[in-house]
Amino acid sequence: MDSSFWALVGLIIFLGLMVYLKVPGMVTRALDARADKVRGELEEARRLREEAQAVLADFRRKTQNAEEEADAILAQAKAEAARMTEETEAALEEMITRRTAAAEARIAQAEAQALGEVRSKAAELAVAASEKVLADQVQGDAAASLIDSAIADVKARIN
């Protein structure tokens with residue numbers, strides 16, 4: 001009996017012990033447990049990836065909403081600024097128109113007052129000249145009554 005026979009016997013006993021102790025089942029269970037663990041980790045990784053994609057999509061949506069809101073606020077601010085500019089220009093134009101009208105009214109009033117003063121002065125000068133001319137030409141009570149009626153007539157026509 002040589003050594004290869006004893007090696008064969010030892011191998012058969014070893015394999016028999018392995019089968020008797022159910023080592024292949026343990027190895028299979030260990031491999032199955034390892035495969036289940038890897039499957040679970042892959043599922044967890046897939047779930048985490050989906051969550052990350054959902055969070056990224058939500059972030060992008062919120063970013064887009066924030067940009068749209070910022071654009072809307074900016075457009076509203078520009079519109080408000082344009083409206084306020086128009087209102088200010090309109091108010092300025094109205095104020096200029098009112099002040100121009102008031103200045104024109106004051107000028108017209110001053111013209112009327114000056115014209116009235118000129119007429120009054122002209123009437124006074126005309127009355128004084130008439131008095132002098134009539135005084136030189138007419139004498140006595142008749143002259144006084146004629147002068148008074150002429151002065152009243154001139155004043156009535158001028159005013």
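**Close-up views of a predicted model**

Glu87, at 42% relative accessible area, is partly exposed.

**View 1. Glu87 and Arg83 are joined by a salt bridge.** The closest N and O atoms of this pair are 2.2 Å apart. Arg83 is partly exposed, with a relative accessibility of 34%.

**View 2. A salt bridge links Arg61 with Asp58.** The side chains meet at a distance of 2.1 Å, N to O. Arg61 and Asp58 are three residues apart in helix H2, so about one helical turn separates them. Arg61 has a relative accessible area of 46% and is partly exposed. Asp58 is partly exposed as well, at 26% relative accessibility; the cut-off for buried is under 20%.

**View 3. Arg46 and Glu43 form a salt bridge.** Their closest N and O atoms lie 2.3 Å from each other. Helix H2, which covers residues 23-137, holds both residues. Because they are three residues apart in this helix, the separation is about one helical turn. Arg46 is partly exposed at 43% relative accessibility, and Glu43 is partly exposed at 47%.

**View 4. Glu44, Arg47 and Glu51 make up a network of salt bridges.** Here three residues are linked. For the structure as a whole, the count of salt bridges is eight.

**View 5. Five residues form a nonpolar surface patch.** The patch is made by Leu8, Leu11, Ile12, Phe14 and Leu15, and its area is about 490 Å². One of these residues, Leu11, is located in helix H1, which spans residues 3-20. Leu11 has a relative accessible area of 44% and is therefore partly exposed.

Technical notes
Residues are numbered from 1 along each chain as its sequence is written. This is a predicted model: local features need pLDDT of at least 70, side-chain atom pairs count only at pLDDT 80 or more; totals for chains, interfaces and linings use all residues. Side-chain values use heavy atoms; hydrogens and water are left out. Patches are made of residues with over 30% relative accessible area and no salt bridge: like charges are joined within 9 Å, nonpolar side chains (Val, Leu, Ile, Met, Phe, Trp, Tyr) within 5 Å. Accessible areas come from the Shrake-Rupley method with a 1.4 Å probe; for residues, only the protein chains shown count as cover. A salt bridge is a side-chain nitrogen of Lys or Arg within 4 Å of a carboxyl oxygen of Asp or Glu. Helices (H or I, at least four residues) and strands (E, at least two) are DSSP runs, numbered from the N terminus. Buried means under 20% relative accessible area, exposed over 50%, partly exposed in between (1.4 Å probe, protein chains only).
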